[in-house]
Amino acid sequence: MHIYQSLLEAKANGEKKFAMLIDPDKVQIGHIDALISVAMAANVDFFFVGGSLIVNNNLDECLAEIRHQCDIPLILFPGDSYQLSYHADAILFLSLISGRNAELLIGKHVITAPYLKLSQLEVLSCGYILIDGGVQTTVSYMSNTQPIPSDKEDIAVCTALAGEMLGLKMIYLDAGSGAILPVSEEMITAVSGSIDIPLIVGGGIQSPEKALLNVRAGADLIVVGNAIEKDVSLIQEISDAVHAGCAVT
Ligand code: 1GP
């Protein structure tokens, strides 16, 4: 089944999903096997693969290694148009709608579109909304955009609404990798209540408790990277919390 269709069905059934973010720069290829075993045992739903700034050339190798080990869908989460690989299953075709940088709203997409047309990748158009995470993140610096202040739910709601009306298939609220302040439950509630498309939430989530609060607030898909790089045991705990979230929706 196509990934987007599976997300729509999960949302309709109140099921929540968990994506593990893998930054090809940070993961050691030799350690992927162990990581994948943990992810499989924990029922991780997706791998997001990418980073705001990738300086090593091992994206293809990283994807191929994961694919060799398991069938968990691989979704590219590209920080730039050069982070394209035909080894993945899908790509988040991100439009940075919280910013006013034309290159990240449409410019890079024009360059990438013909390559995607030739590929087998499922293209998941996604309105990407950066929320202030209490620290300047790599994504904020590299994108040359200002995040939405963390307490301005109305701005986030209007931005998400506009993204949905423009035909984007998903909204991603991101405090940025390594954020000190993750996106608040108030913000998630406000945005999820205003749109019908799936809502992804990530950035600075450190605990299963916060992941559970987020899905209860209306997030459909939780993304965690940094915390599980530091403590692999969190993969199981956060996955359990996210999947438990379906019982209370
Ligand atoms: C960043 O949402 C992701 O774009 C994940 O963030 O690495 O802080 O979990 P963390």
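Color the protein chain by burial. Buried residues make up 53% of its 249 residues; buried means under 20% relative accessible area, with a 1.4 Å probe and protein chains only. This is a predicted model, where local features need pLDDT of at least 70, side-chain atom pairs count only at pLDDT 80 or more, and totals for chains, interfaces and linings use all residues. Residues are numbered from 1 along each chain as its sequence is written, and side-chain values use heavy atoms, leaving out hydrogens and water.

Now show the surface. The accessible surface of the protein chain is about 11,200 Å², and carbon and sulfur atoms hold 54% of that. The areas come from the Shrake-Rupley method with a 1.4 Å probe.

Switch to C-alpha atoms. Along the principal axes they fill a box of roughly 45 × 40 × 35 Å.

The protein chain has 10 helices and 8 strands. These are DSSP runs, numbered from the N terminus: helices are H or I with at least four residues, strands E with at least two.

Select residues 3-12, helix α1. Which of its residues are buried? They are I3, Y4, L7 and A10. They lie on the same side of α1, because they cover an arc of only 125° around the axis, using directions from the helix axis to the C-beta atoms.

Key:
Buried means under 20% relative accessible area, exposed over 50%, partly exposed in between (1.4 Å probe, protein chains only).
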